[in-house]
Amino acid sequence: MSEEALRRSGTTRLRKRLRELRNDGSLFLLALPGVIALVLFAYLPMSGLILVFKNYNYNGGIFGSPWAGFDNFDFFFSSMDSAIRATRNTVMLNVLYMLSGTFFSVAIAIGLNELRSKSFIKVTQSVMFFPHFISWIVIGAILFSFLDYEKGIVNRLLEAVGMQPVDWYSHPWLFVIILVLSHIWKSAGYGAIIYYAVLQGIDTSYYEAARIDGASRWQLITKITVPMLIPSIILLTLLGIGGMLKGDLSMIMGVTFLNPLLLPTTDIIDVYVYRTAIRSGEFGFASAITLYQSLFGFVLVLVANKLAGWYDKESKLF
Amino acid sequence: MPYKENRALLVSFYVAIGLFSLICLVPFVLAVSGSLSTEAKIAADGYSLLPRGFTLDTYRFMFSSKTEQIVRGYANSVMVTVLGTACSVLVTTAYAYVITAKGFRYRNFFAFLAYFTMLFSGGTLPWYILSTKYYHLDDTLAGLFIPYLLNVFLMYLQANYFRSIPHEVVESAQMDGAGHIKIFFRIMLPLGQVGLVTISLFYALQFWNDFYLPLMLVTDEKLFTIQYMMYYMMANIQFLASGNAARIGGAIVAPPLETAKLAMTCLTVLPIAVLYPFLQRYFVRGIIVGSVKG
Amino acid sequence: MVKTKCWATLLPATLLLLAACSNGNTNEPSGSASNAASPSGTASASANDGGSSASGLAPAKLTIVLYGDESDRMKELTKSKFQDIVKQEINAELEFQFLPWSEYGGGKTDLMLSTGEDFAAYTDSNYMAKSVAKGLYADLTPYMDGAAAADMKKTVDDNSFKAFQLSGKQYAVPVGNKPNSAEFYSVLVRQDLLEEVGMSSVSSLAELEQFYEKVHAAHPELIGYAGTDARRMLMYEYTDKNLYWLNDFLAIDESAQDDKIISWFETDEFKAYAGIMREWYEKGIVPKYAATNQPQLTSDWNSGKAMFWAGTAARPFEGAAAISQAVPTAKLVNYFLNRDLPKISRGTYSTAWFVSANAADPERYVMFFNLLQKNQELYDLFAYGIEGEDYTLDANGRMTRTATDELIPDWLMMNKNFMRFDTSVPDDFIATYKAWDDDAIISKAAGFTFDNSPVKNEETKINGVFSEFLTPVSSGFVDFDKNYPKAMEKLKAAGFDKYMAEYQKQFSEWYASQSHSQ
């Protein structure tokens, strides 16, 4: 290639960049407030991540404290069976939550979309939101009044129909079901609103056309409504996968009261860290495990994001 | 419409949704009725759908000793919710627009920049140092919503809603010479209204339900929100129940009464749960109209 | 491709931010260092010649963090009378900051300490040891022998001060002075129920179980024991030793003059104890729900639905107040099962105050703590309020509180030199209470603080084993023979032996140094 041609291609590239900048400059402006918020409240504080590798003391502060290497991870990974069980429980519960939650949220959204009565929709939509507000402590107390061995409503019903009462709080695997149901109950309404909003945005002409072609109601749902929801389902799943190793301590505390007999399935990472590191006042250990949870989630997301990209480029997170 | 309805399917939808709503309602009814019962009856017989030994004593007691705080708590919560939601919806939608802008070279960079913070955080200590010593957000009303202006999850939701707007609309506006700012305010915001309604609802909930910012940044009681008062009470219950109290000089601190706990739940939940669905449309319209004019 | 670009831009940005952040933080320690260099400054000089009068003291500002709820009356008094008195006595402006209990011993308290805020709050020896290791507490030793602490040195037991010293330095100032030996070693019995079934007292496990059987027959809705841990009250049944527990895992025998640490879970005594608890659980003396819902136990006790509880010196009248709302006729009495051993006391303090490392004037805080325990007048004010407005006194000095609002919490203040009893408390209760500590001995471990840093990992892990495997065995929720071996195996695998050896080593060293000085 001649020098002349090189220079020309250089200048055209520069010119192209400049034109791009003129067009897209305002995009930077639009992103600016968000970027500032991210930098101030997320990226600057991230400097604290190095504390995970340090033995914090007041005089040294964040940067002057002595290095501890990987010491803060030791307690977790040196008891491998606990670490593996906690990781397994967290992933298991999260997968169950995600599958059941998505299914119910989507089903409710589709249901709402089919209903005619505006006031019925409005009322049920609000009501399904109520559980979202009630703290796990209160939910736990209410659930206990259902499941208590001696006085619980469920056991009294079982006895009334001539069945043996069940000691619910001593069956770790039975309790997985209870946790999943509680989770559905608490969050399905929330999720349904996300999907319902997508459905409201669908151009009604799709439905009209299909109807004219003689599609049945059920076909409309399976051929139009569900496909319309797929990108959103993928998005929410991708967003959820990043948090695969994070769990809700307040939920387990509220619902199981940290009953030791249930720990074989309810000892998620956050609970384990609470029982050990937090109880011993070793907060450095606790933040080390948070980093492990993040890294694990990050790897999962990178993989899931790639997979999503093969399916449809637009559904990638980044 | 001359169209053959599938009656059975429709009815089953009504029944299923109605049923699920009922199940969602039950604990709430239990909480309300519990808060209207006498403490002794609750302790003896547990929860019930109808109040046991109906009494307004719990509320009377709470309001007689704390009227001022409760009213102020509500005022603060409303203020934080309105200001916080309005600001963050704008910040969020603008950002969401950027990461969905077709052909923008850096949109992936911005998407990643946001997503990364969803996974990794530096912990509370540096956040606290920065917020109090450098941004001086402690004991200010702004401190109760500024740190939460961009919720990345909701930003992605909004981006998802923006993506469903046909690209031709944007293209034709660009042909007419409209810049991104104009397109965002004049076209995307009004067209993305459904999404806006949704994320503004979630933002409102986030701000209404938040107790963390008051816990971290507020010492002045005048800035307490109703949710923080609720958290305060629940945290005390949980601490006393966990047996940690024994560590401290054998302190006997009587846990708050069951009825008070339930009454507090009702006080925090009722206003937003009952009022918000009715106010939400006006609120969202307000944001759009305000930003289009502004 | 895009990803690498992202990283490339992120990296320098983060580095830049890191640098900015580090600059900010290094300011903090320099302030505290200069403080440490001249610990008292002008304040101490003037305090020494000025005595208790505020003249000559430079104005100061004190922030005291308390946990729990702030009552309205507390707010009012903080603004008025408390403020005036503190201003007048030590020329300081006083502010109370209330935090939820969840922030005790960590949480926001730690954040405030780490950012060098100027405040004081209360602590325990465990939290103190950890915080001192991180340099978060101010060293209060220089102020202990001066005028600042003079009054409380008289009204608070000397041993209590020792309990909050680490390698000879005072890191927290004890508050309270009350009979609290044999905490939870007695059975607090519902005397009204006892008499109802024709019994007059309880002095053995057999009688206690008999009490349960009889009451259970008459009132099947009542539960027996409203707790899950009865190792102390049952001790007289299963051993001749006088055991004192240092934590969940370790105990010492107070009747032996040695420094031997006992691994509680490995003793035969533990097996005997677990056997009793298993029986209690199966008989229903401990209800089935105890394994799950422990808060329910406390609320059952408070609503008069339980027969007995673990006792302390003060519980007969402290606890009666709560129960009497549900059962007005309830009467509570402490019983020891077969007791012929001296009671053990950990010290008579309630808790202790620390001052943050970066406090501008730690001495002034000490002066304030001193005020709280200085004399009857000030004690009355801070604990009960203003006479005539908040309470009235009868001719015998007995008190009737007219306001129920709590000021500085009762349990924290309680000092036998000053505390007042409600008119509703029977005279014999007060007599018993006052004589409670008469035959008590101070634990030979009082004042020992374990430095966990060499065995942090092990300690953390055995805590996990404790909450999962050992609590169900020791409370009798599960079958002993099936579960005990596994629990011990887990405990060993978590490094218990190393933890125990370290504890023994530190304790022996400390014990040896103690006998020298005494």
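Predicted model: local features only at pLDDT ≥ 70, side-chain atom pairs only at ≥ 80, totals over all residues.

Q: Back up a bit. Where are the domain bounds in chain B?
A: Domain 1 runs over 1-55 and domain 2 over 66-293. Over C-alpha atoms, the centres of these two domains of chain B are 29 Å apart. Ten residues of domain 1 and eight residues of domain 2 make up the contact.

Q: How much area do the two domains of chain B bury between them?
A: About 760 Å², with 77% of it on carbon and sulfur atoms. On the domain 1 side, Phe28(B), Ser35(B) and Glu39(B) lose the most area to domain 2. Together they account for 57% of what that side of the chain B interface buries.

Q: What does the secondary structure of chain B come to?
A: Twelve helices and zero strands. Along the sequence of chain B the pattern is α-α-α-α-α-α-α-α-α-α-α-α. The C-alpha atoms of chain B fill a box of roughly 70 × 65 × 35 Å along the principal axes.

Q: Switching to chain B against chain A. How many residues are in contact on each side?
A: 84 residues of chain B touch 90 residues of chain A. The two chains bury about 8100 Å² between them, and 75% of that is on carbon and sulfur atoms.

Q: How many salt bridges between chain B and chain A?
A: Two salt bridges. Glu314(A) pairs with Arg163(B) in a salt bridge, with the closest N and O atoms 3.2 Å apart.

Q: Why can side chains like that pair at all?
A: Side chains of opposite charge can pair when their charged atoms come close.

Q: How many residue pairs are in polar contact between chain B and chain A?
A: 13 residue pairs, with both residues at pLDDT 80 or more. On the side of chain B that touches chain A, α1(B) gives the most, at 14 residues. That side of chain B has 62 nonpolar, 15 polar and seven charged residues.

Q: How is chain A divided into domains?
A: Domain 1 of chain A covers 1-40 and domain 2 covers 83-315. Their C-alpha centres lie 43 Å apart.

Q: What about confidence in chain A: what is the mean pLDDT?
A: The mean for chain A is 90, and 98% of its residues reach 70 or more. Confidence in chain A is lowest in helix α1 (residues 3-43), at a mean of 84. Helix α12 (residues 263-266) of chain A is highest, at 96.

Q: And chain C: what is its mean pLDDT?
A: 86 for chain C, and 89% of its residues reach 70 or more. Among the elements of chain C, helix α2 (residues 41-50) has the lowest mean pLDDT, at 40. Strand β11 (residues 262-263) of chain C has the highest, at 97.

Q: Over which residues of chain C is the pLDDT below 50?
A: Residues 1-53 of chain C. Beyond near neighbours in sequence, that stretch has 63 contacts in the model.

Q: How many salt bridges over all chains?
A: The count is 44. One of the pairs is Lys490(C) with Asp81(A), at 3.1 Å from N to O. The pair crosses between chains, with Lys490(C) in helix α21 (residues 480-493) of chain C and Asp81(A) in helix α4 (residues 80-114) of chain A.

Q: Last topic, backbone angles. What is the phi of Leu258(A)?
A: Positive, about 55°, although Leu258(A) is not a glycine. Leu258(A) sits in the loop between α11 (249-256) and α12 of chain A.

Q: And what is the phi of Ala182(C)?
A: Also not a glycine, Ala182(C) has a positive phi of about 50°. Ala182(C) is in the loop between β6 (173-175) and β7 (186-190) of chain C.

Terms used: Residues numbered from 1 in each chain as written. Chains lettered and ligands numbered in written order. Heavy atoms only, no water. Domains from an automatic or database assignment. Contact = heavy atoms within 4.5 Å. Buried area = accessible area lost by both parts, 1.4 Å probe. pLDDT = per-residue confidence, 0-100. Helix = DSSP H or I, 4+ residues; strand = E, 2+ residues; numbered from the N terminus. Salt bridge = Lys/Arg side-chain N within 4 Å of Asp/Glu carboxyl O. Polar contact = N/O pair within 3.5 Å; in protein donor to acceptor, adjacent residues only side chain to side chain. Nonpolar A, V, L, I, M, F, W, Y, C, P; charged D, E, K, R; others polar.
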